[in-house]
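Keep the structure in view while reading.

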Amino acid sequence: MHYVSQVLLCYDKVNTFTLDWFQPENSQEHTRTHEYENMDTPVVVAVHGLGGSSEEAYLKRIARLCHQHGWRCASFDYWRLDFAEFRDLDIAIQTIRHNNPSAPIAVVGISAGTHIVARYLQVAGKASPCCAAILQSSVFDMIGEYQIIKSKIHHGGSTAVAARGYKAFVDTTIRKMAERHLKNEKRNRL
């Protein structure tokens, strides 16, 4: 599934992020650039999980289902290693609202992406232009969950094996996210 990237300026006015608009599989190449503005068609904004991107198979499945039901789907492709930072998501949603003033907007957070969506909703409240929000596979306390995973390693058996595997995944993913954050961060470092 293809997407068209809309590059937006971050809240810090230095960095950028992309809002990736998934295109219907039957769309023509020349129509892809116009999928994200001046339409009444509803929009779903998907926020990926830990270390993810718009390339995730689960986001493409969500986009495909959205298109089958007449909705457009955009992936908020965040790169920051800060799950409490919601202001770029706010910019993405406000941009969608500005470019599509009468389109209903829904936001879907998946796994670690639920942190960003929940924080956005907490701050935006009723001022959010979103008519619906879904938090799928939520983990609201990542540090607490990580501690639980570490404690299960000492239980032995299949629980310990699964915990070691998941801890290795989280450790590797967080390291990659830190590298991605440093690569994308354009502000001066102290």
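Helices (H or I, at least four residues) and strands (E, at least two) are DSSP runs, numbered from the N terminus. The model is predicted.

Start with β1 and β2. They run antiparallel, and 7 bridges join them. Gln6 stands opposite Leu19 in β2. The hairpin has 6 residues between its strands.

Lys13 lies in the loop between β1 and β2. Its phi is positive, near 65°, and Lys13 is not a glycine. Is Lys13 buried or exposed? Lys13 counts as exposed because its relative accessibility is 61%, and the cut-off for exposed is over 50%.

Ser137 sits in the loop between β6 (130-136) and α4 (142-152).

β1 has two faces. Val4, Gln6 and Leu8 form the covered face. Tyr3, Ser5, Val7 and Leu9 form the uncovered one. In a regular strand the side chains alternate between the two faces of the sheet.

## Charged pairs

Side chains of opposite charge can pair when their charged atoms come close. The model has 8 salt bridges.

| Asp12 | Arg80 | 3.1 Å |

Take Asp12 and Arg80, which meet in a salt bridge. What does this pair tie together? Asp12 lies in the loop between β1 (3-9) and β2 (16-22), and Arg80 in the loop between β4 and α2, so the pair ties together parts that are 68 residues apart in sequence. Asp12 has 14% relative accessibility, so Asp12 counts as buried. Arg80 has 5%, so Arg80 is buried too. The cut-off for buried is under 20%.

Glu85 is buried because its relative accessible area is 11%. Arg87 counts as partly exposed, with 37% relative accessibility. Which residues do salt bridges with shared partners join into one network? They are Asp12, Arg80, Asp88, Glu185 and Arg187.

Ser75 belongs to strand β4 (residues 72-77). Its relative accessibility is 0%, so Ser75 counts as buried. Leu19 lies 56 residues away from Ser75 along the chain, yet their C-alpha atoms are separated by 5.6 Å. Beyond its neighbours within four places in sequence, Ser75 is in contact with Thr18, Leu19, Asp20, Phe22, Ala46, Ser54 and Leu59.

Asn100 is in the loop between α2 (87-99) and β5 (105-110). Is Asn100 buried or exposed? Asn100 is buried because its relative accessible area is 0%. Its side chain reaches the backbone nitrogen of Met39 at 3.2 Å. Setting aside residues up to four places away in sequence, Asn100 touches Tyr36, Glu37, Asn38, Met39 and Arg72.

## The nonpolar cores

The largest nonpolar core has 32 residues. Leu19, Val45, Val47, Phe76, Tyr78 and Leu89 have the most contacts inside it. Which elements give two or more residues to this core? They are β1, β2, β3 (43-47), β4, α2, β5, α3 (113-124) and α5 (157-184).

Residues up to four places away in sequence are not counted. Val47 touches Phe76, Tyr78 and Leu89, as well as Val107, Val108, Gly109, Ile110, Gly113, Ile116 and Val117.

There is also a second, separate core of 10 residues. Among them are Leu59, Cys66, Cys73 and Ala106.

Two residues link these topics. Leu19 is among the residues with the most contacts in the largest core, stands opposite Gln6 and is in contact with Ser75. Leu59 is in the second core and is also in contact with Ser75.

Methods. Residues numbered from 1 in each chain as written. Predicted model: local features only at pLDDT ≥ 70, side-chain atom pairs only at ≥ 80, totals over all residues. Heavy atoms only, no water. Buried < 20%, exposed > 50% of the residue type's maximum accessible area, 1.4 Å probe, protein only. Contact = heavy atoms within 4.5 Å. Polar contact = N/O pair within 3.5 Å; in protein donor to acceptor, adjacent residues only side chain to side chain. Salt bridge = Lys/Arg side-chain N within 4 Å of Asp/Glu carboxyl O. Core = buried A, V, L, I, M, F, W, Y, C linked by side-chain atoms within 4.5 Å. Pairing = 2+ DSSP bridges.
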